[in-house]
Amino acid sequence: MPPDLPRFSLRLHQGLTPQACRALAASAEAYGFHTLWFAENPFGRAILPAVAACAADTSRVRLGLGILNPYQHHPTLIAQEAAVLDELSGSRVRLGIGSGIAQRIAQLGTRYRPLAALADAVQIVRGLLRHETVTYRGRAFSADRVALEFADRSLALCGRLADGLIVSNLCPPAYTARAVAIVRESAAVAGRKSFDIVQYLPCAARPDGAEAREIAKEAVGALLMALWPTGNDWPVQRETIVRLSGITRPEMVGALERLRRGERAGRVLDDRFISGFALAGTAEQVIAQAAQYRRAGADELALSFAGPQPAVDAAYFAQAVKRLRPDGELAIDRAPQPSR
């Protein structure tokens with residue numbers, strides 16, 4: 001029996017040009033990946049031009065905005081952008097809203113209030129996508145008698161808003177299990193029966209598993225440099241991640257210091273960093289590792305294929321999954337149903 005696997009999707013990061021995103025979108029559609037997730041943080045490439053191009057180039061693969069933050073995209077603008085992209089794509093958009101990276105939001109000269117910002121954004125966007133006239137006074141964002149001036153044909157987009165959780169990069173399986181338990185308990189209290197869990201992960205899948213692991217080390221090192229807070233005063237969330245990763249705090253501090261001095265990740269990071277923060281190895285090894293995240297509660301893994309040939313590696317991986325699940329139910333999902 002094949003293992004119980006999550007759906008597999010592709011995550012497209014801001015280091016990719018729009019042309020590279022279009023090429024990966026074509027590959028994702030050809031090999032049956034479930035969703036293209038477009039990640040956006042301040043100061044990198046904006047994602048919406050690439051999303052629009054990929055929407056025009058494809059007809060089946062879903063398009064995930066994961067995530068937009070309300071500090072750069074006011075909640076009213078998020079609703080406008082998502083509605084038009086959903087119209088362009090034929091109702092294939094999945095909208096993710098988050099509070100963004102604290103250090104980068106602070107560089108905008110804006111007070112960072114993540115919980116208030118997220119709560120306000122969801123309330124405003126949800127109302128606009130229901131075609132309501134929204135008056136809302138929040139702690140971070142407000143709206144006064146605003147409504148979309150066009151009729152988006154897809155009410156399903158509203159139904160997909162806030163119906164799930166995106167677990168970001170650098171979260172080990174034990175952290176995923178903890179997060180899933182928390183959000184599902186909260187959803188149950190609120191009377192919500194379904195809650196989709198998507199997890200972002202760097203991935204290196206090569207016929208040479210040792211080569212793949214070295215590539216994964218470089219990808220994890222780059223993520224640690226980009227996303228982990230500088231200094232030793234970490235948010236509680238980061239403390240929890242370290243505690244659940246099997247890596248001690250002094251080891252993490254030491255690794256970060258060495259990476260910031262310019263040492264190569266391949267010399268700094270051992271296999272625990274790969275098993276905790278990435279999928280790496282042959283396609284068969286990656287599939288086995290993915291099953292851990294499914295057991296932790298992830299319904300879908302959005303994979304960033306690291307290294308110089310992401311489209312080739314994604315195709316190699318997808319072919320291995322299809323051999324395991326020849327009916328195509330691997331992640332690699334059926335075409336989306338029309339909106340009702």
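Q: Hi! How far apart are the end C-alpha atoms of helix α3, and what span should its residues give?
A: Hello! In this predicted model, helix α3 covers residues 75-89, and its 15 residues at 1.5 Å each should span 21 Å. The end C-alpha atoms are 21 Å apart, which agrees.

Q: Nice. Which residues of α3 are buried?
A: P75, T76, I78, A79, E81, A82, A83, L85, D86 and S89.

Q: Switching to the cores: which residues touch the most other members in the largest nonpolar one?
A: That would be L65 and F317, in a core of 62 residues.

Q: What is L65 in contact with, leaving aside neighbours within four places in sequence?
A: Its contacts are W37, F38, I47, L48, V51, A82, L85, V93, R94, L95 and G96. Two of these, A82 and L85, are among the buried residues of α3.

Q: How many residues are in the second, separate core?
A: It has 39, including I197, A216, I241 and A280.

Q: New topic, R206. Where is it found?
A: R206 is in the loop between β8 (196-205) and α8 (209-227).

Q: Is R206 buried or exposed?
A: Buried: its relative accessible area is 6%, and that falls in the buried class because the cut-off is under 20%.

Q: Which side chain does R206 join in a polar contact?
A: The side chain of E211, at 2.9 Å. Beyond four places in sequence, R206 also touches A212, I215, G281, T282, A283, P308, Q309, D313 and Y316.

Definitions and conventions:
Residues are numbered from 1 along each chain as its sequence is written. This is a predicted model: local features need pLDDT of at least 70, side-chain atom pairs count only at pLDDT 80 or more; totals for chains, interfaces and linings use all residues. Side-chain values use heavy atoms; hydrogens and water are left out. Helices (H or I, at least four residues) and strands (E, at least two) are DSSP runs, numbered from the N terminus. Buried means under 20% relative accessible area, exposed over 50%, partly exposed in between (1.4 Å probe, protein chains only). A polar contact is a pair of N or O atoms within 3.5 Å; within protein, one must be able to donate a hydrogen and the other to accept it, and residues adjacent in sequence count only if both atoms are side-chain atoms. Contact means heavy atoms within 4.5 Å. A nonpolar core is a set of buried Ala, Val, Leu, Ile, Met, Phe, Trp, Tyr and Cys residues joined through side-chain atoms within 4.5 Å. The expected span of a helix is 1.5 Å times one less than its number of residues.
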